[in-house]
Amino acid sequence: MSQPKTVDRGVSFIKFVLGLLRAHPDGMRPRDIYAEIESKLPLDDFDKETMKGSGLPRWRAALHFHSVAATKAVLLVKSDGRWRVTDEGQKFVTLPDYELKRLMRSRDETAPLDTSVLFEDAKEKAREEIDTYLDTLSGYEFQNLVAALLEGMGYATSTVSKPGSDGGTDILAYIDPLGAQTPHIRVQVKHRDQTASREDVAALRGIIRGDREIGLFVSSGGFSREARREAGHGAVHIELVDLDRFLELWLQHYSKIPEVKRSKLRLEPIHFLAVVSLT
């Protein structure tokens, strides 16, 4: 049997990923998706051949390229170091391969293959390094990073809980050092691989003093859909910050974070040539 064209093979990989993610509504890390593909799909020598441009196995290069198209087609979302299938993606996971390919092509104007593959792979490798480093931190150490970020954003942090029971509050932050101005920010920090649940968010809401406080929930494992809905309910405002948002804010306020604390998470920018169509 002749080997199917790479583009068609890539569509098959994306279709498998969408089906896989349908069973994991809170998403999966790319490395876990790759492991599932290697263990569940028959990969032959053609799939495993190393591509000269990217240095990736052909199947990984095809998956990267088509994941960009699937993201632009709103079938797939990449955030918080995870891939998630959208509601629309769940609807189209049963389409024949040729129809799925046509759908993605109709919604996508991609960069050249080598460019998008290298860019996607570099982003994932960089994020994987950050995630791996953060995984080595204890919950208390990650909590201190959150407190450092708040300081960089101009808040005074009068309370940073020590290891052990915290009564639901990890950090109290104020607009001014004396805490005379309101609102104050009551912060809960979760550092774990699992997503924060609706019950976690509801527990924070239960201890917020609504007359002078708002809530901030930082979860390195992200939030379940139910948790996000819970945060949007009620009179008390609760801001949710997942790892994507935390890193975005860390970079945005990087220069204002105290040097000794900034050294606990040093990040450097990486620049790629932007391919612009002149047509």
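Predicted model: local features only at pLDDT ≥ 70, side-chain atom pairs only at ≥ 80, totals over all residues.
Trp 59 counts as buried, because its relative accessibility is 3%, under the 20% limit.

The structure holds six aromatic pairs. In one of them, Tyr 34 and Trp 59 have ring centres 6.1 Å apart and planes at 75 degrees, so the pair is edge-to-face. This pair connects distant parts of the chain, since Tyr 34 lies in helix H2 (residues 30–40) and Trp 59 in helix H4 (residues 58–72), 25 residues apart. Tyr 34, with 9% relative accessibility, also counts as buried. Tyr 34 and Trp 59 form one aromatic cluster together with Phe 13 and Trp 83.

Another pair is formed by Phe 246 and Trp 250, whose ring centres are 5.7 Å apart; the planes stand at 35 degrees, so the pair is tilted. Both residues are in helix H11 (residues 243–252), and because they are four residues apart, about one helical turn separates them. Phe 246 counts as buried at 1% relative accessibility, and Trp 250 counts as buried at 0%.

| Charged residue | Ring | Distance from ring centre |
|---|---|---|
| Arg 60 | Tyr 34 | 4.0 Å |
| Arg 262 | Tyr 254 | 5.3 Å |

Tyr 34 therefore takes part in two kinds of contact: its ring pairs edge-to-face with Trp 59, and Arg 60 lies over its face.

Technical notes: Residues numbered from 1 in each chain as written. Heavy atoms only, no water. Phe/Tyr/Trp six-rings, centres within 6.5 Å; stacked < 30°, edge-to-face > 60°. Helix = DSSP H or I, 4+ residues; strand = E, 2+ residues; numbered from the N terminus. Buried < 20%, exposed > 50% of the residue type's maximum accessible area, 1.4 Å probe, protein only. Lys NZ or Arg CZ within 6 Å of the ring centre and 35° of its normal.
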